[in-house]
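This briefing is meant to be read with the sequence and the 3D view side by side.

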Amino acid sequence: MPVNVNRHFHLSKCHGIFLFQQSVLRLLSLRKGCTVIKKSEVYESHLFTVKDDKFKSEPFLREVKAIYTDLINRHISDLEQQLKVFDKNSVYLPTKKIGMNNPKAAEIKADNTARQEWNRTADMAQRF
């Protein structure tokens with residue numbers, strides 16, 4: 001457990017609060033497992049580990065989407081309102097979200113309109 005020696009430490013005693021600075025802190029016995037870290041030294045050099053490619057893989061993402069969709073749908077009683085995971089192999093085309101201040105917002109909106117029209121046509125074709 002690191003101890004920051006750049007700050008003042010307040011230790012309360014019977015007659016008030018005493019201010020200990022760096023020189024006095026060195027004289028104090030530190031708890032087992034604690035170390036003194038001098039100014040401009042690195043606390044820890046290994047904060048993160050190597051990325052696990054499993055979490056970016058398509059099968060894992062599909063599985064997690066399905067799990068969370070089922071979890072959300074447990075709380076929705078109306079079957080019409082329940083969520084569905086989009087199937088990439090279906091005849092439907094996905095629409096894209098338009099972010100704030102997107103310079104291509106007009107193009108995306110036009111593309112989404114065409115996709116929605118296609119999805120309506122595919123919906124009509126599947127009904128017959």
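**The largest pocket and its surroundings**

Nine residues need finding here: the largest pocket is lined by Glu58, Leu61, Arg62, Lys65, Val85, Phe86, Asp87, Lys88 and Asn89. The model is predicted. The space in this pocket comes to about 270 Å³.

**Pocket lining**

- By residue type, the lining of the largest pocket divides into three nonpolar, one polar and five charged residues.
- Lys65, one of the lining residues, is found in helix α2.
- Lys65 has a relative accessibility of 53% and counts as exposed, because the cut-off for exposed is over 50%.
- Phe86 is also in the lining; the C-alpha atoms of Lys65 and Phe86 are separated by 9.5 Å, and these two residues are 21 residues apart along the chain.

**The chain as a whole**

- The protein chain has three helices and four strands.
- Followed along the sequence, these elements give the pattern β-β-β-α-β-α-α.
- The protein chain has 128 residues, and 10% of them count as buried.
- The accessible surface of the protein chain is about 12300 Å², and carbon and sulfur atoms account for 57% of that surface.
- Taking the contacts between residues at least 6 apart in sequence, 36% join residues that are at least 24 apart.

**An aromatic pair**

- How many aromatic pairs does the count come to? The count comes to one aromatic pair.
- That pair is formed by Phe55 and Phe60, with 5.2 Å from centre to centre.
- The planes of the Phe55 and Phe60 rings are at 80° to each other, so the pair is edge-to-face, a class that needs an angle over 60 degrees.
- Phe55 is partly exposed, with a relative accessible area of 45%.
- Phe60 also counts as partly exposed, at 22% relative accessibility; the cut-off for buried is under 20%, so Phe60 does not count as buried.

**Two asparagines**

- Where is Asn101 placed? Asn101 is in the loop between α2 (58-73) and α3 (105-127).
- The phi angle of Asn101 is positive, at about 55°, although Asn101 is not a glycine.
- Is Asn101 buried or exposed? Asn101 is exposed, with a relative accessible area of 76%.
- Asn119, by contrast, is buried, with a relative accessible area of 16%; the reason is that buried means under 20%.
- Asn119 lies in helix α3.
- Leaving out residues up to four places away in sequence, Asn119 touches Tyr92 and Leu93.

**Points to check in the view**

- Find helix α2 and locate Lys65 in it, then look for Phe86 among the residues that line the largest pocket.
- Find helix α3 and locate Asn119 in it, then look for Tyr92 and Leu93, which Asn119 touches.
- Find the loop between α2 and α3, where Asn101 is placed.

Notes:
Residues are numbered from 1 along each chain as its sequence is written. This is a predicted model: local features need pLDDT of at least 70, side-chain atom pairs count only at pLDDT 80 or more; totals for chains, interfaces and linings use all residues. Side-chain values use heavy atoms; hydrogens and water are left out. Buried means under 20% relative accessible area, exposed over 50%, partly exposed in between (1.4 Å probe, protein chains only). Rings of Phe, Tyr and Trp (its six-membered ring) pair if their centres lie within 6.5 Å; planes under 30 degrees apart count as stacked, over 60 as edge-to-face and the rest as tilted. Contact means heavy atoms within 4.5 Å. Accessible areas come from the Shrake-Rupley method with a 1.4 Å probe; for residues, only the protein chains shown count as cover. On a 1 Å grid over the protein atoms alone, a cavity is a set of points where a 1.4 Å probe fits but cannot get out, and a pocket is an open set with protein on both sides within 12 Å along at least five of seven lines; lining residues have an atom within 4 Å of a point. Grid points are joined across faces, edges and corners, and a volume is the space filled by probe spheres set on the points. Ala, Val, Leu, Ile, Met, Phe, Trp, Tyr, Cys and Pro count as nonpolar, Asp, Glu, Lys and Arg as charged, and the others, Gly among them, as polar.
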